Amino acid sequence: MNASSAIPLSFVRSAARASSSTCCRPARDVRYYSSLPRPYRFHVGASWAGKPHDPRGPRVKTSPFPPDSPIGKWRDLMLSRPNQPAGKHIGEDFFYIQDMREKSGISMGVADGVGGWTESGVDPSLFSQALMYHAHRYSKAAWPGEPEVDPTQEYEEREQVEGWELTPLECLESAYGGVLRERNVLAGSSTACILTLNASNGVLRAANLGDSGFLVIRASSVIYVQRSQTHFFNCPKQLSKLPTSQKRFSRACVDHPRDADLCEMKLRHGDIVITYTDGLSDNVFPAEMVTICSMVARQSQMTKRTLTPTGEHESVRAVEDEEAQAMAERIVDYARMCMVNQKRVSPFERAAAREGMYFRGGKIDDVTVLVTIVQEA
């Protein structure tokens, strides 16, 4: 099955049914609030599915973050979001979604812990969870662009606007520093893709290191796909923390946030941004993602037409939130189907063939997907 192949009819029907029923610097107290208009709204859905546990795999020696620790509490909060495909089982991936200061925009990201560390007894999920935790922590007190100043305020009041601008690259650098200081993360590696969406001007900015990434759909066409960064086939660039007890660890790749690819683009009303780990891009072609989003959107339009005038504004907003969530869940569902299909040509199979290697069908992996629908007033 290639990129232009049709999605199975049974999957189309199940998607339609499901979409119709899915519902650093310390932060200081804010004293002045911006009253500038913010014409953009972002509706974000998140879905994930960890790969099945392999009983033959090596046993890790490290322990998960305790539920009462700051990272443990935040991890459990993120995994309490509704997610039909796999509940709370996310594997070695992780993600975050965070409103930025004064709801001036949204910061989000995905990280994919490198599974090879299990051979050394290290749990790869600790690195990705800590990286996303610190990215969330830094971004919630920052602005996605220059701090907003209301020109109608007095000069002294404008000078008191709190906060600072945080680019995705700066967020990645700060989060990585947080992981290096994290005592419970003894070692590990992860890819990362971090985005900020500005609610004032609709600008998307991104920093991507490794083979996670994002794409942008506009008018049922993919207008941008973030390229993967690799050292060689199936070895992505990655942020790493090496064991202090071993001065040399030849099997690990050590890259830096400054190696990330940067992107900046202006979004429009109706754009769809899909952020993902490689469990999606290795198994699902971009054209298939477009098809799934279009199916869910059509069903959502039918729901909007049935809304009554009473409370219509809030109802439409809720439908758009549910639409983004349904898209994320349907995409993850389809990726899981493709992983176990050995008769279908996958993106990973094609990539292996370009390197002169033989690989058949889908690639079983953790998958995490964030879908953002852009609305402009």
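**Strands, pockets and burial**

Author: Val203, Arg205, Ala207 and Leu209 point one way from strand 5, Leu204, Ala206 and Asn208 point the other way, and all are buried. This is a predicted model, in which local features need pLDDT of at least 70 and side-chain atom pairs count only at pLDDT 80 or more, while totals for chains, interfaces and linings use all residues. Residues are numbered from 1 along each chain as its sequence is written, and side-chain values use heavy atoms, with hydrogens and water left out.

Reader: What makes strand 5 largely enclosed by the rest of the structure?

Author: Buried means under 20% relative accessible area, with exposed over 50% and partly exposed in between (1.4 Å probe, protein chains only). In strand 5 (residues 203-209), 7 of the 7 residues are buried, so the strand is largely enclosed by the rest of the structure. In general, side chains of a regular strand alternate between the two faces of the sheet.

Reader: Why is Ala335 called buried?

Author: Ala335 has a relative accessible area of 0%, so it counts as buried. Ala335 is found in helix 8 (residues 312-339). Ala335 and Val367 are 32 residues apart in sequence and 7.8 Å apart in space, C-alpha to C-alpha. Of the 377 residues of the protein, 54% count as buried.

Reader: How many helices and strands does the protein have, and what counts as one?

Author: The protein has 9 helices and 13 strands. Helices (H or I, at least four residues) and strands (E, at least two) are DSSP runs, numbered from the N terminus.

Reader: Which other strand pairs with strand 5?

Author: Strand 11 (residues 261-266) pairs with strand 5 over 6 bridges, again antiparallel. Here the bridge partner of Ala207 is Leu262 in strand 11.

Reader: How is strand 6 joined to strand 12 and to strand 7?

Author: Strand 6 (residues 213-218) and strand 12 (residues 272-276) run antiparallel and are joined by 5 bridges. Leu215 has Ile274 as its bridge partner in strand 12, and Val216 stands opposite Val273 there. Strand 6 and strand 7 pair over 4 bridges, in the antiparallel sense, and Val216 stands opposite Tyr224 in strand 7. Strand 6 and strand 7 form a hairpin with 2 residues between them, where Ala219 in the turn has a positive phi of about 55°.

Reader: Is strand 6 buried or exposed?

Author: In strand 6, 6 of the 6 residues are buried, so the strand is largely enclosed by the rest of the structure. Gly213, Leu215 and Ile217 point one way, and Phe214, Val216 and Arg218 the other.

Reader: What is a pocket, and what lines the largest pocket?

Author: On a 1 Å grid over the protein atoms alone, a pocket is an open set of points with protein on both sides within 12 Å along at least five of seven lines, and lining residues have an atom within 4 Å of a point. The largest pocket is lined by 46 residues, of which Lys51, Glu92, Gly115, Gly116 and Thr118 lie nearest its centre. Its lining divides into 16 nonpolar, 15 polar and 15 charged residues. Ala, Val, Leu, Ile, Met, Phe, Trp, Tyr, Cys and Pro count as nonpolar, Asp, Glu, Lys and Arg as charged, and the others, Gly among them, as polar.

Reader: Which helix gives the most to the lining of the second largest pocket?

Author: Helix 9 gives the most, with 4 residues.

Definitions and conventions: Two strands pair if DSSP finds at least two bridges between them. On a 1 Å grid over the protein atoms alone, a cavity is a set of points where a 1.4 Å probe fits but cannot get out, and a pocket is an open set with protein on both sides within 12 Å along at least five of seven lines; lining residues have an atom within 4 Å of a point.
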